[in-house]
Amino acid sequence: MQYKRILLPLTFAKKFMKILLLEGDPRTATIIKNSLAEHAYDVTHLTEGTLDETVATSKNFDLVILDIVLPHISGLELCKRIRKEKIKLKILILSALSGVEDRVKGLNCGADDYLGKPFHFSELLARIRALTRKFDEDEEAEQSSSVISLADLTLDVQFKTVTRAGKVIPLTLKEFKLLSTLLYNKNRVLSREHIAKEVWGHCLENQTNLIDVYINYLRTKIDRGFSKQLIYTMIGAGYVIKD
C-alpha cells in the first residue's frame, strides 16, 4: 500500500484515498481490484452485509464504486442513504443498466459519476482520477484552515495549541502529530500501519507497542476527566477519533 504525502506544518500528511468496491460479479471485481492496485489505490471488495452495515462501512472510505444490482442490497438505496446521512464520500456507479433513464436516476440518487458496462479500464481509471482531484481539492481546502475541531476539542496547527472545553492541554511533538493525524481523519478508522507512517514516517516493527503507548498518553490528556470519550479502539482495525 502506498501513501500520497504533501508537506504540511510538522510534516502532517493528507488522507489517502481508500476505495470500497461493491460489485456483484466476482470476476469483474477481481479485475477491477487488481488493476487499481497496480495504480496504488487501496481497494476493498465488500461481498455481503445489510444496508445498515454497508452504510456504516462506507464511512471508512473516500470513494465507492457501486453496482446497482447487488445480491444483498440495492445500489440505488445505498446511494440515497449515504447522501441522506451526509457521509463525505464520492460515489461512482458502475452498472450494466446504462440507459439515459438509468444514468439520470443514479445521478439523482446522489452519485457523483456514472459509467456503463461494458467499460474500458482506462476510462474507469480516468473517472476515478477526476473524482480524486475533487477529493484532493476538498482536503486541501479543509486543511488550509489552521484550526481543526471535534466536539469541544480544538487543535490549532499554526500555534501548536490544543484545548478541550476551554482548557489548554500541553502535548509533546509526537502527541500533537498523532492527535492531528486522528483529527484530519476524524470518524475514520486508522490502522496502526497508517498511523506509523504519518507520525513516525515509517512502519514500526509488529512487536512494538509504541502506538498503543502514545494513544494511551493522548487518552490521559484528551479524554480523562471529560464527560465524553473521543478516542476509540477498533479491535483488529486500529483507532478512530469521533464524537
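## Helix α8 and its buried side

In this predicted model, the buried residues of α8 are Ile211, Tyr214, Ile215, Leu218 and Ile222. They cover an arc of only 105 degrees around the axis, so they sit on the same side of α8. The general rule behind such a pattern is that an α-helix has 3.6 residues a turn, so residues three or four places apart point the same way. Among the elements that cover these buried residues are β7, β8, α6 and α7, along with β10 (231-234) and β11 (238-241).

## Helix α7 and what follows

Next up is α7, where His194, Ile195, Ala196, Glu198, Val199 and Trp200 are buried. The cover over them includes α6, α8 and β11. After α7 comes glycine 201, which has a positive phi near 85 degrees.

## The four-stranded sheet

Now for the strands. β6, β7, β8 and β9 make an open sheet in the order β6-β7-β8-β9, and the pairing is antiparallel. The edge positions go to β6 (147-150) and β9: each has a single partner strand, so one side of each has no neighbour in the sheet. Helix α6 packs on this sheet and touches β6, β7 (153-156) and β8, with its direction at about 115 degrees to that of β7.

Going through the pairs, β6 and β7 run antiparallel and are joined by four bridges, with isoleucine 148 opposite leucine 155 in β7. Four bridges also join β7 to β8, again antiparallel, and here threonine 154 stands opposite threonine 163 in β8. Two bridges join the antiparallel strands β8 and β9, where threonine 163 faces valine 168 in β9. That puts threonine 163 opposite threonine 154 and also opposite valine 168.

## Two hairpins

The β7-β8 hairpin has four residues between its strands, and lysine 160 in the turn has a positive phi of about 55 degrees.

Alanine 165 lies in the loop between β8 (161-164) and β9 (167-168), and it is exposed, with a relative accessible area of 54%.

Asparagine 187 is another such case, with a positive phi near 70 degrees. Its place is the loop between α6 (173-184) and α7 (192-200). Asparagine 187 counts as partly exposed, at 43% relative accessibility.

Finally, there's a cis peptide bond to flag: it joins lysine 117 and proline 118, with omega at about -5 degrees. Proline 118 is in the loop between β5 (113-116) and α5 (121-144).

Terms used:
Residues numbered from 1 in each chain as written. Predicted model: local features only at pLDDT ≥ 70, side-chain atom pairs only at ≥ 80, totals over all residues. Heavy atoms only, no water. Buried < 20%, exposed > 50% of the residue type's maximum accessible area, 1.4 Å probe, protein only. Pairing = 2+ DSSP bridges. Contact = heavy atoms within 4.5 Å. Axes fitted to C-alpha atoms, helices over the stretch in contact; angles between N-to-C directions. Arc of directions from axis to C-beta.
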